[in-house]
Amino acid sequence: MIKDNCFMKKILLAAILLISGLINPTVRGQEIPANFCLSDDEATLFRMINEFRVANGATPLVLSKSLSYVAQLHVKDLHLNNPAVNGCNQHSWSDKGNWAPFCYPKDQTRKKSVWDKPKELTKYPGVAYEVLYWENAAAFPDQIIENWKSTQQSASLILGHGKWARNHWKVVGMAIFKGYACAWFGESADPEGEIRICHSDSVVAFKADAILQEPQNEQPGSDVVIVKKTGRFYIISGSFNNLKQAQATLKDVRKLGYKRSQIIENDGKFRVSIDDFESVELAKAGRRKIANKFRDAWILSY
């Protein structure tokens with residue numbers, strides 16, 4: 001009789017768990033969709049975070065696919081569903097997704113934490129912590145990182161200073177959507193691998209030092225006009241109808257110290273390239289660095 005009672009209790013417990021799963025369909029350790037990708041701006045923000053850390057004596061971080069996915073879900077939830085109401089702040093999650101809703105800080109306890117979202121939504125094995133950015137317009141990497149740098153609470157988390165000094169960050173994931181951006185920092189390695197760049201077959205180099213690596217080719221640009229596609233990304237300072245005009249501008253650009261500048265003949269125009277890069281995110285970063293001198297510079301994929 002005792003054995004029968006134990007057996008019935010196990011059946012009842014299993015039924016309760018099954019019903020709970022039907023009521024709340026959230027599945028722990030979900031698979032990341034195959035079409036998940038990182039935008040150029042998000043890849044740039046990753047590089048900027050690491051540059052900020054290195055400049056302040058911290059080690060660069062590895063790009064986490066899992067944490068980037070969690071970040072992407074969160075910024076879209078914030079924009080589309082606005083869970084930050086009724087005493088809930090922007091670390092909160094709505095009840096309109098395949099996750100458990102969470103009102104932060106109301107629901108935060110030792111046993112129930114919003115920082116467990118990566119474990120709930122991906123196969124990431126640990127907790128992670130979030131910094132947020134919001135403005136009532138499109139968000140761009142330069143504005144985001146400058147805001148985080150100038151906000152003590154955000155800067156301390158990113159650098160692992162102050163209350164975060166005992167946390168040894170290893171990975172970071174980020175996302176940008178409309179006016180929202182966030183980055184999640186974790187101490188556990190991510191079992192997921194590389195992240196594809198959206199609208200491209202390229203993948204982001206996810207190792208900590210790879211995204212920081214600028215082209216090491218410091219050889220001067222050739223005086224030979226480039227006429228064949230190279231697969232690289234060029235920062236263009238100007239386009240001209242004839243070679244003589246382009247050569248004069250090239251000479252001026254090199255006088256400013258841009259020794260890798262060169263001329264590209266493309267679509268019947270002679271274009272003066274200030275520098276070139278192997279990826280569009282590096283080209284965008286390069287363009288930002290010279291924005292004061294070349295405000296109208298643009299990027300050519302050729």
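Predicted model: local features only at pLDDT ≥ 70, side-chain atom pairs only at ≥ 80, totals over all residues.
Residues are numbered from 1 along each chain as its sequence is written, and side-chain values use heavy atoms, with hydrogens and water left out.

The chain holds eight helices and eleven strands, where helices (H or I, at least four residues) and strands (E, at least two) are DSSP runs numbered from the N terminus. Of its 302 residues, 45% count as buried, and by buried I mean under 20% relative accessible area, with exposed over 50% and partly exposed in between, for a 1.4 Å probe and protein chains only. If we take contacts (heavy atoms within 4.5 Å) between residues at least 6 apart in sequence, 67% of them join residues at least 24 apart.

Let me turn to helix H3, residues 65–81. The expected span of a helix is 1.5 Å times one less than its number of residues, so the 17 residues of H3 should span 24 Å, and the end C-alpha atoms, 24 Å apart, agree with that. Because 13 of those 17 residues are buried, H3 is largely enclosed by the rest of the structure. After H3 comes Asn82, whose phi is positive, near 45 degrees.

Within H3 sits Val75, which is buried at a relative accessible area of 1%. Leaving aside residues up to four places away in sequence, Val75 touches Ala175, Ile176, Phe177, Tyr180, Ala181 and Cys182, and its C-alpha atom is separated by 9.9 Å from that of Ala183, 108 residues apart along the chain.

In the loop between H3 and helix H4 (117–121) we find Ser113, which counts as buried at 16% relative accessibility. A polar atom of the Ser113 side chain lies 3.1 Å from the backbone nitrogen of Trp115.

Next, helix H5, residues 141–150, where Pro141, Ile144, Ile145 and Trp148 are buried. Seen down the axis of H5, these residues fall within an arc of 90 degrees, so they line one face of the helix, the arc being that of the directions from the helix axis to the C-beta atoms. They pack against helix H2 (40–55), strand E3 (128–134), helix H6 (152–159), strand E4 (171–177) and strand E5 (180–186).

As for H6, six of its eight residues are buried, so H6 is largely enclosed by the rest of the structure. The buried residues of H6 pack against H2, E3, H5 and E5, and just after the helix Gly160 takes a positive phi of about 75 degrees.

Finally, H2 packs with helix H8 (residues 280–289) at an angle of about 65 degrees, their axes 9 Å apart; axes are lines fitted to C-alpha atoms, for helices over the stretch in contact, and angles run from 0 to 180 degrees between N-to-C directions. Among the residues that meet there are Asp40, Asp41 and Arg47 in H2, and Val280, Glu281 and Arg288 in H8.

How values were computed
Polar contact = N/O pair within 3.5 Å; in protein donor to acceptor, adjacent residues only side chain to side chain.
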